[in-house]
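Here is a protein model to look around in. Take a moment with the sequence and the fold, and then we'll walk through some of the packing together.

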Amino acid sequence: MAKPISLFTNKPFEVSIITDVPVESTESFVAACEGMCQLGFGIKVMPKGDSAWQEACFELEKLYPDNFAVLEAVTSNREVALNKSQVVLFAKVPTAKELQLLQKKGLVAVLPWPTCEKHVDMMNFDAQQESGNCFLYTPAHTWDLVATMVRAFENYKFSYDWGQLKKRWKGTKV
């Protein structure tokens, strides 16, 4: 689906959005998804929630057919999205069950900060310090979300860093 975004790697970077996007996050998520598509990320979305978000998803799919895919919101499509992704982007605080599913599948969470404080063990990944277990972004700032996704991709390019992140994530109590 997506083409590599860097001359330094031939690994495609796939993102899934499988939960609702609240009305207050729609504009920010649309702009961030457009930026990620322009960078070459692959995005699979189950457009649940606000009708403006759903309509925007269909428009993004038309604009970026090689990078943006809209999937019907059914369980089997959730599996399709998750099986090809490296990260799952959440617009709101996920349930413990959702986070446990990601851990089981070896996928990394990208979570809104500070709303994810409900899950106290979530810490922003820092490859240099070899600490953290997920990626956190500020929901009200579109470009913070895009920068967080770029940072996730940068870490993904380095198998040691990505392996350390996944190891820490898998050991996190949710």
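What follows is a tour of helix pairs, aromatic rings and a few single residues.

Before we start, keep in mind that this is a predicted model, where local features need pLDDT of at least 70, side-chain atom pairs count only at pLDDT 80 or more, and totals for chains, interfaces and linings use all residues. Residues are numbered from 1 along each chain as its sequence is written, and side-chain values use heavy atoms, with hydrogens and water left out.

Let's begin with a pair of helices. Helices here are DSSP runs of H or I with at least four residues, strands are runs of E with at least two, and both are numbered from the N terminus. Two packed helices are described by the angle between their axes and the distance between the axes. Helix 1 (residues 26-39) and helix 2 (residues 51-63) have axes that come within 10 Å and cross at roughly 15°. Those axes are lines fitted to C-alpha atoms, for helices over the stretch in contact, and the angles run from 0 to 180 degrees between N-to-C directions. Helix 1 and helix 2 are therefore roughly parallel to each other; angles under 35 degrees count as roughly parallel, over 145 as roughly antiparallel, 65 to 115 as roughly perpendicular and the rest as oblique.

Who does the touching? On the helix 1 side, T26, F29, V30, C33 and E34 make the contact, and on the helix 2 side A52, W53, A56 and L60 do. Contact means heavy atoms within 4.5 Å. Sorted by class, this contact of helix 1 with helix 2 has seven nonpolar, one polar and one charged residues. For the sorting, Ala, Val, Leu, Ile, Met, Phe, Trp, Tyr, Cys and Pro are nonpolar, Asp, Glu, Lys and Arg are charged, and the others, Gly among them, are polar.

Now for the rings. A pair of aromatic rings is described by the distance of the centres and the angle of the planes. Rings of Phe, Tyr and Trp (its six-membered ring) pair if their centres lie within 6.5 Å; planes under 30 degrees apart are stacked, over 60 edge-to-face and the rest tilted. That rule gives a count of 10 aromatic pairs. In one of them, the centres of F29 and W53 are 6.0 Å apart and the planes sit at 85°, so the pair is edge-to-face. F29 belongs to helix 1 and W53 to helix 2, so this pair ties together parts that are 24 residues apart in sequence. F29 and W53 are both buried, where buried means under 20% relative accessible area, exposed over 50%, and partly exposed in between (1.4 Å probe, protein chains only).

Another pair is F41 with F153: their ring centres are 5.7 Å apart and the planes at 40°, so this pair is tilted. It links distant parts of the chain, with F41 in the loop between helix 1 and strand 2 (42-45) and F153 in helix 5 (residues 142-156), 112 residues apart. F41 and F153 are also buried. Ring pairs join F13, F41, F125, F135, F153, Y156 and W162 into a cluster.

Staying with helix 5, look at how it meets helix 6 (159-170). Their axes come within 6 Å and cross at roughly 110°, and helix 5 and helix 6 are therefore roughly perpendicular to each other. A152, N155 and Y156 of helix 5 meet S159, D161 and W162 of helix 6. Those contact residues divide into three nonpolar, two polar and one charged.

Which residues does N155 touch, leaving aside neighbours within four places in sequence? N155 is in contact with F125, A127, F135, D161 and W162. At 8% relative accessibility, N155 counts as buried. T148, also placed in helix 5, counts as buried at 3% relative accessibility. Not counting residues up to four places away in sequence, T148 touches V110, F135, L136 and Y137.

Next comes helix 4 (residues 96-105), whose buried residues are L99, L101, L102 and Q103. Their cover includes helix 3 (75-83), strand 4 (87-89), strand 5 (108-112) and helix 6. Just after helix 4, G106 takes a positive phi of about 75°.

Last stop: E130, in the loop between strand 5 and strand 6 (135-137). E130 has a positive phi of about 50° although it is not a glycine, and with a relative accessible area of 33% it is partly exposed.
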